[in-house]
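Here is a friendly walk through one model, with an eye on a sheet, its helices and some backbone angles. Please keep the viewer open as you read.

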Amino acid sequence: MSAVTAAVAGVDTGDTAWMLVATALVLMMTPALGLFYAGLVRSKNTLNTFMMCVAAIAVATVTWAAVGYSLAFDGTGDIVGGLNHAFLDGVDFAPREGTTIPEMVFFAFQATFCIITVALVSGAVVERMRFGPFLVFAALWSILVYAVLAHWAFGGGWLQEGGTLDFAGGIPVEMGSGFSALAAALVVGARKDYGRQALLPHNAVYVLLGAGLLWFGWFGFNGGSGFSTGDPSVLAFTNTLLTPACTLVVWFALDLIRGRKVTAIGAATAIVVGCVAITPAGGFISPGWAMLLGALAALPSYAVIVWRTRTHVDETLDVLAAHGTAGLFGILFIGFFAEVAWNGVSDGLLYGNAAQLWDQVLAAIAAPVYAFVATFVLLKVINAVMPLRASAKEEAQGMDVVQHGEEAYVTGEGAILVSPEDGGQIPVAVADSR
Amino acid sequence: MKLVIGIVRPEQANQVLEALYRAEVKGFSISRVQGHGGELDRVETYRGTTVKMGLEEKVRFEVAVSDSFVQPTIDALCEGARTGEVGDGKIFVLPLERAIRIRTGDEDVEAVTPVGKS
């Protein structure tokens, strides 16, 4: 083998191959989320909702490469990492410490996590938040909230050092997005028609398709979080099949009991809830307990959705219920059911190690509090500089036309081509003929 | 007996419905239509193609009422649909020659009066 093609010492080609695929799978989750979210909003906000996810890919990738990755994964500071990897400095083909994959792959894999987490938060503010301020929010949030929480959980921060287990992102991704979403909904405020009109999902097929693609991508998300093709990854991969299936079954039952019908949008939600619940626990619990986790995780998330819609909090797409609640549940579940025989790392309370439960409780308190407070303050500050909300009139017109000058379902009837000679001149209003 | 046609903004349709119910006007049909009423044209761009959207989405209410309900219907449409901006829509009142309730064969005023009302 020539020197050019030989892997750098310490790099495993099999692990690297899988991680390259896993990274692509996780990146796909963000457009999948866009589809899921777009189906849940009214048709006049389809594009804007999807575009917030696309914007997350754009903005969070840049901030992650600039400083986010470094703050999360450089050094073992308690609260944040250092700046030695800022602007990808030193991120090359050498293996990331503690893994057998090049740091470049590790960086890209982690970037896709930052991206989808930013996109998740948008679910709280769709249909009324202006696009410009969202871009600013996405950039700052990815650094100030996501990178910090990622450092706590994965980068050698205080939670990880203290022994908290989080396999694939229950802390930064799920609790980080869920409790930030609650703060965002409170700062931005409810949609003008919220609680006065039925604001219905405009395309349930998008929602199901989006959820299905999210589940597909989640195999890379959880299965890649062992950074190898080793046992933890294999366990997490299979648990990613088992847990959401059990959540689905229980969700069907809850739907039947409450409304006598199994709903499609409920099923799509259940898939996400199950995937979220197994995210922190994937490589730490046995398949049997993973199935129990899926079944039980349905209950608190279902309850939060039922409760939330009766409040004035317009956390529009239930990020708190699906991600915050299920993520928190999964984090705590590890504290009871982790098993050295399966994970080689630590036991939970059930296997005689009560300390693990305490480590999990600590994360379940610290991450939500930090995410909520930091997001609340950040949005208040941005709002002082640029208004977060569109006007009531713009909200009525729909964010697609107002923010993007496009519509998702344009017929083309009555559309008049503006020739380039007109210089794209904006036509003036015709006097009302009344 | 008149046919009242109201063409309103889609985003006001729910308010119009509420106003009609308050006025005890309970029989009507609606349809989605496109039209132009002198409002500012929207300019949209699709990958370099810039177009003026000449037609706006509207919702068209058709309400067949007996004479005493004509004014309440008009009032309800105005109340629910008015925002004060160009593009709020129009109301047309047309004479109605005949009306038949299919289920019973009731004709005219009987047919446009909700069951249990007359």
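Is Glu127(A) buried or exposed, and how many other C-beta atoms lie within 10 Å? Glu127(A) is buried, because 23 other C-beta atoms lie within 10 Å and the cut-off for buried is 20 or more. Bear in mind that this is a predicted model. You will find Glu127(A) in the loop between α3 (103-121) and α4 (131-153) of chain A.

Most residues other than glycine have a negative phi. Glu127(A) is not a glycine, yet its phi is positive, at about 75°. Asp108(B) also has a positive phi without being a glycine, at about 50°. Asp108(B) sits in helix α3 (residues 108-112) of chain B, and it is partly exposed, with 16 other C-beta atoms within 10 Å.

Now turn to the sheet in chain B. Four strands form an open sheet in the order β2-β5-β1-β6 (chain B), and their pairing is antiparallel. At the edges are β2 (29-35) and β6 (89-95) of chain B, each pairing on one side only. From one strand to the next, the twist averages 20°.

Inside this sheet, β1 (residues 2-8) and β5 (residues 56-65) of chain B run antiparallel and are joined by seven bridges. Across this pair, Ile7(B) stands opposite Arg60(B) in β5(B).

| Helix | Strands of chain B | Angle with β1(B) |
|---|---|---|
| α1 (residues 13-22) of chain B | touches β1, β2 and β5 | about 150° |
| α2 (residues 70-81) of chain B | lies across β1, β5 and β6 | about 5° |

Definitions and conventions: Residues are numbered from 1 along each chain as its sequence is written. Chains are lettered from A and ligands numbered from 1 in the order in which they are written. This is a predicted model: local features need pLDDT of at least 70, side-chain atom pairs count only at pLDDT 80 or more; totals for chains, interfaces and linings use all residues. Two strands pair if DSSP finds at least two bridges between them. Helices (H or I, at least four residues) and strands (E, at least two) are DSSP runs, numbered from the N terminus. Axes are lines fitted to C-alpha atoms, for helices over the stretch in contact, and angles run from 0 to 180 degrees between N-to-C directions. Two residues are in contact if their C-beta atoms, placed from the backbone, lie within 7 Å. A residue is buried if 20 or more other C-beta atoms lie within 10 Å of its own, exposed if 12 or fewer, and partly exposed in between; C-beta atoms are placed from the backbone.
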